[in-house]
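Welcome, and thanks for taking a look. Here is a short tour of ring pairs and annotated domains.

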Amino acid sequence: MRRGKHLLLDILRSEGVAHIFGNPGTTELPLLDALAEEQALQYILGLNEVVVMGMADGFAQASQQIAVCNLHAAPGLGNACGMLYNAARAGAPILVTAGQQDTSIRLTEPLLWDDLATMARPLVKWSYEISSIHELPRAVRRAVKIALTPPMGPVFLSIPGDILEAPVPEGLDEGAPTRIGPRITGDHASLAQAARLIAASQTPLILAGDAARTAHPQVAALAELLGAPVHLEGMANTAAFPSDHPLYAGSVPRMAPAFRTLLEGHDLIISLGADLLTQSQAAGIEALPPGIPLVHIDDNPHEIGKNFPAQAAILGDLSATLPHLTALLGPARPQARNATEAKIATARAALQARAQSLASASPLHPLAVLETLRPLIPAQAIIIEELLSSGMNTVRHLLPATQLDSWFGMRGGGIGVALPWAAGMALAKPGRPLIVLSGDGSLLYSAAALWTLAHYKLPCVILVFNNAGYSILKARTRAIGGHSAASGTYVAMDIAAPAIDFQALAAAHGVHAERAETHAEVTALFTKALEAKAPTLIEVTISKDF
């Protein structure tokens, strides 16, 4: 007899789903029973919900297709919420499901029960608890459609166990996939206003956000015409603009005073899918100086004018909209372009020279390690970066982020994403070299993902920059001043006594690991790991003070 669990899998398969990321419990047993005879869908096991949610997030971001995550009742959803926050901030299209207790006993508030749809709602685009087998097809179809419609993001469905076991009524309409075309062109009158603002400016600055990742040629054409520098967001998540382009100027700082300094000398901001402005801490001043005009193009109406008024506010897809804007602009500005490129090249050369000058430091300096890695990165590599203090605003000047799916960073700010992402991205992009750059503190949040990488034989190179603590917190504490800065005493910011044995930790999860303490060892171990057909962890001992 065909039941709700079979209907769910059939619908997911028709929506293009090939993997379900999960950690099962009693409320998911009907689904696992159906999967026992399923051939097309593979259940990918994570050892806890942090890992499960992170894997789905990584898969969704890398593939830009729907990912499915299956959680266990209220505790499972609660455990996953930190990673769900990150996924929401990154705009990852994920159908998050959770097994719910049978509807026949929910009024009694049974074990593991809670109002799951309400729990998930703040972090998703749409949240719903299915109440009958008749609702199952429509709810799943709607959820997938909403997740994949720009601005993309996660959705949530609570599915009671008795609905999974319910017989499918004869003649039930199972629906079909709906996809809304994303290439929406911005309003022509607003584009004309943007063109007037740009024509009146002498020194525009372009901010490229995640929405620009599919519009590299269009963003480059605009930047080259204007001779404008292109900066990424402070919490940049993807390769929104190729890092090897001569107008690529790096990520903006996340603190308002430093951002203000960056804007000095510029008379117009052109925001292309960028957020304005995710700050790390309050600084007492606004990020944008009063009176500076703003052209803001985004596929998310919530972001346009959210914090700062836009004199030209344009809702549209960047790849479809930018050619229309560029066509309205006047002749190219070669002198401005030459001057901007020269300034950027000088800054980039200075950073590389500084990294090279630190090559003799012992313990290793993270900038020097990145410079050692630079010529070793394969052309088709995907880099997952979660370095925080070891790479703040510098990594993409030293390592390549040139293709639209070549780089992923922690947009949400919640740490621990790198390892679970690696598992999801390895499944989404099989055959691509996968490189994880993680701090030691970040990796420990989700170390259980090592087991999933080993179990499914997912090749990747994991470099752990180990400074035995939370250096970013020490840096922020020093900036505050006070007792810690004066005495050099930092409470709860060291990971020591005992130190973490990362080689033993990896081995316990089935992953081969090595330690590198010299640049020669980094080179040799990294080169060897790239050739392996399984995950490899390389612990790189770096300085605590940099």
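UniProt positions are given in the numbering used here, feature names are shortened, and annotations may be inferred rather than shown by experiment. This is a predicted model, in which local features need pLDDT of at least 70, side-chain atom pairs count only at pLDDT 80 or more, and totals for chains, interfaces and linings use all residues. Residues are numbered from 1 along each chain as its sequence is written, and side-chain values use heavy atoms, leaving out hydrogens and water.

| Annotation | Residues | End C-alpha distance | Helix | Strand |
|---|---|---|---|---|
| Thiamine pyrophosphate enzyme N-terminal TPP-binding | 3-107 | 24 Å | 49% helix | 20% strand |
| Thiamine pyrophosphate enzyme TPP-binding | 397-540 | 20 Å | 42% helix | 17% strand |

Helices (H or I, at least four residues) and strands (E, at least two) are DSSP runs, numbered from the N terminus.

Now to the rings. Those of Phe, Tyr and Trp (its six-membered ring) pair if their centres lie within 6.5 Å; planes under 30 degrees apart count as stacked, over 60 as edge-to-face and the rest as tilted. This rule gives two aromatic pairs. Phe21 and Phe59 have ring centres 5.7 Å apart and planes at 55°, so they form a tilted pair. Because Phe21 sits in strand S1 (residues 19-22) and Phe59 in helix H3 (residues 49-63), the pair ties together parts 38 residues apart in sequence. Both Phe21 and Phe59 are buried, meaning under 20% relative accessible area, with exposed over 50% and partly exposed in between (1.4 Å probe, protein chains only).

With ring centres 5.6 Å apart and planes at 5°, Trp126 and Tyr128 are stacked. Trp126 is buried at 18% relative accessible area, while Tyr128 is partly exposed at 29%.
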